[in-house]
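Reader: I'd like to go through this model with you. Can we keep it quick?

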Amino acid sequence: MSERPRIVVLGGGPAGAGAALFLAERGFAVDLLERGPSVGGNAGSFDLAGFRVDFGSHRLHPRADPAILDRLRGLLGGDLLTRPRHGRIRLLGRWIHFPLRPVDLALRSPRSFALGAALDAARKALRGTGRPAGDEETFASVLEAGLGPTICRAFYFPYARKIWGLAPAEISAEQARRRVSASSVGAILRRLLPFAGDSREAGLKKVFHYPRRGFGQITEALAEAAVAAGAGLHLGAEVRGLERRPEGGWEVVAATADGERRWSADRVFSTVPARVLVETLRPAAPAEVLAAARGLESRAMVLVYLVVGRPRYTEYDAHYFPGEDVPLTRLSEPRNYSGVAEPEGRTVLCAELPCALGDEVWSAGGDELARRIAGALQSSGLPAPEPLVEVEVRRLPHAYPIYRRGFEERFARVDGWLAGREGLLSFGRQGLFAHDNTHHTLVMARSAVECLRDNGGFDHEEWARRRRAFEEHVVED
Ligand SMILES: Cc1cc2nc3c(=O)[nH]c(=O)nc-3n(C[C@H](O)[C@H](O)[C@H](O)COP(=O)(O)OP(=O)(O)OC[C@H]3O[C@@H](n4cnc5c(N)ncnc54)[C@H](O)[C@@H]3O)c2cc1C
């Protein structure tokens with residue numbers, strides 16, 4: 001290896017941009033390759049009607065690793081705002097404050113729901129879970145055992161069908177562990193009631209951090225700092241091939257506007273989807289690894305932005321729709337995230353519609369989607385999004401990993417095979433097929449760089465230890 005090991009980082013989302021910065025700061029020669037026209041990935045932002053808008057509702061959660069939070073504060077300075085959370089969730093035909101507050105929940109949720117949930121909890125305390133031993137656990141069985149049928153049927157099950165497109169019993173139990181931060185009534189109460197648990201936890205739920213110029217400002221700041229520290233940033237570079245060099249290291253082949261370009265690397269850090277990575281590797285992966293990689297499914301998402309000619313739509317940052325009666329899962333109003341009142345006289349709404357790549361929702365036109373959303377909002381008691389000035393649609397092919405039962409074996413096969421490719425590391429939300437938040441992927445990036453030795457060697461044992469710690473990440477909404 002040369003004096004200064006050369007690392008090529010694939011993917012310019014937060015994980016890739018963070019890794020490029022941490023590597024450049026340690027003096028490695030770094031190139032960051034991103035196929036899009038800007039950095040940010042799913043956590044990026046773009047300009048619309050004078051606003052900076054995100055790819056769906058994004059917040060930086062105060063529960064983030066303190067060192068990561070400090071680093072971002074250092075990069076963003078006064079642009080990193082702390083804002084109160086002010087959302088609402090549609091539960092059985094009623095609007096309830098979200099994140100949930102005990103008083104609001106008690107007063108505003110339907111009495112039958114509160115009574116049902118209390119009875120389920122009492123039954124559980126008396127009888128235990130009652131789950132027959134030996135049954136394979138699923139998302140449905142884990143949540144039903146922990147929370148009882150009332151909460152599951154009113155909230156988690158319809159939401160799961162909508163967000164992942166699968167029946168709850170078809171979803172792996174792992175999903176309940178990673179995505180549902182409180183999977184028993186006791187855990188929910190501990191999170192809601194300061195006197196029943198950790199009051200710091202309750203406080204953290206009430207606020208979020210948000211950059212003045214949109215969530216994408218986080219990755220933009222990371223990439224800018226990486227370039228300032230010496231990294232090369234290559235936008236519009238879509239990685240198509242990763243060829244093992246006979247002398248060791250990798251040749252990275254990317255399609256760019258100027259044709260094919262190649263980068264030589266002593267080591268590759270990849271944050272692109274694991275499936276994409278496996279498909280680009282040469283020599284090619286064995287057929288069973290390719291099949292397992294292709295079996296790692298992602299849920300896609302269509303984002304519909306409605307520019308409305310009024311100063312504000314509602315006072316809420318986001319409305320959550322767990323029910324299957326409406327097609328969207330969430331509606332956010334970017335103006336209410338930063339609290340920045342410019343431009344005046346209009347606002348933008350962003351509706352999130354989970355779907356499958358190429359299905360009817362994915363292929364629908366903007367006007368048709370806007371019509372459906374307007375109907376859904378009004379049927380939920382919200383104002384008509386009028387006057388409608390402009391409609392913009394963005395499509396995310398890899399919004400959420402789908403944890404269909406059995407995905408664990410497929411991922412393990414891919415992961416095991418990738419682990420045997422010397423000089424190649426896959427991480428980030430797409431690389432580890434994890435539901436993780438942005439701050440989690442930054443922890444992954446920092447860990448990857450910390451496992452790298454100054455001479456370009458890699459501490460695999462330490463990485464394995466860090467990987468086990470990533471499994472404890474719990475996703476925040
Ligand atoms: C609707 C929605 C809401 C979310 N809300 C929040 C939130 O409130 N808070 C939070 O912390 N997180 C949130 N997240 C999660 C957050 O978006 C991710 O944690 C974050 O984007 C992960 O960063 P990453 O770099 O690992 O992956 P990504 O952001 O997916 O980045 C991967 C990058 O790889 C690039 N790429 C792919 N293929 C290639 C190729 N062949 N060549 C070159 N580049 C390639 C992509 O263009 C992309 O830029 C949300 C996600 C979604 C979908």
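Reader: In which sense do S10 and S11 pair, and over how many bridges?

Author: S10 and S11 are antiparallel, with six bridges. Two strands pair if DSSP finds at least two bridges between them. Strands (E, at least two residues) and helices (H or I, at least four) are DSSP runs, numbered from the N terminus. This is a predicted model: local features need pLDDT of at least 70, side-chain atom pairs count only at pLDDT 80 or more, and totals for chains, interfaces and linings use all residues. Residues are numbered from 1 along each chain as its sequence is written.

Reader: Which residue stands opposite Val 239?

Author: Ala 254 in S11.

Reader: What about the turn in that hairpin?

Author: Five residues lie between S10 and S11. Gly 248 takes a positive phi there, near 105 degrees.

Reader: What is the strand order in the sheet?

Author: S12-S11-S10-S14. The sheet is open, has four strands and shows mixed pairing.

Reader: Which strands stand at the edges?

Author: Strand S12 (259-265) and strand S14 (281-282). Each has a single partner strand, so one side of each is left without a neighbour in the sheet.

Reader: And S11 with S12?

Author: S11 (residues 250-256) pairs with S12 in the antiparallel sense, over seven bridges. The two form a hairpin with two residues between them. Val 253 stands opposite Arg 262 in S12. Glu 251 stands opposite Ser 264 in S12.

Reader: New topic, the ligand. Which residues come nearest?

Author: Gly 11, Gly 13, Gly 41, Gly 56 and Gly 428, out of 36 residues around the ligand. A residue is near a molecule or strand if its C-beta atom, placed from the backbone, lies within 6 Å of it.

Reader: How does the shell divide by residue type?

Author: There are 11 nonpolar, 18 polar and seven charged residues. Ala, Val, Leu, Ile, Met, Phe, Trp, Tyr, Cys and Pro count as nonpolar, Asp, Glu, Lys and Arg as charged, and the others, Gly among them, as polar.

Reader: Which elements supply at least two residues of the shell?

Author: Among them are helix H1 (14-25), strand S10 (238-244) and strand S19 (388-401). Helix H17 (428-431) and helix H18 (438-450) also each supply at least two.

Reader: Why does the ligand lie between domain 1 and domain 3?

Author: Because domain 1 (6-83 + 211-296 + 404-470) and domain 3 (298-401) both give residues to the shell around the ligand. The domain bounds come from an automatic or database domain assignment.

Reader: How far apart are the C-alpha centres of domain 1 and domain 3?

Author: 28 Å. Two residues are in contact if their C-beta atoms, placed from the backbone, lie within 7 Å.

Reader: Last one. Is Cys 451 buried or partly exposed?

Author: Cys 451 is partly exposed, with 18 other C-beta atoms within 10 Å. A residue is buried if 20 or more other C-beta atoms lie within 10 Å of its own, exposed if 12 or fewer, and partly exposed in between; C-beta atoms are placed from the backbone. Cys 451 is found in the loop between H18 and helix H19 (460-470).

Reader: What is Cys 451 in contact with?

Author: Leaving aside its neighbours within four places in sequence, Cys 451 is in contact with Phe 458, Asp 459, Glu 462, Trp 463 and Arg 466.
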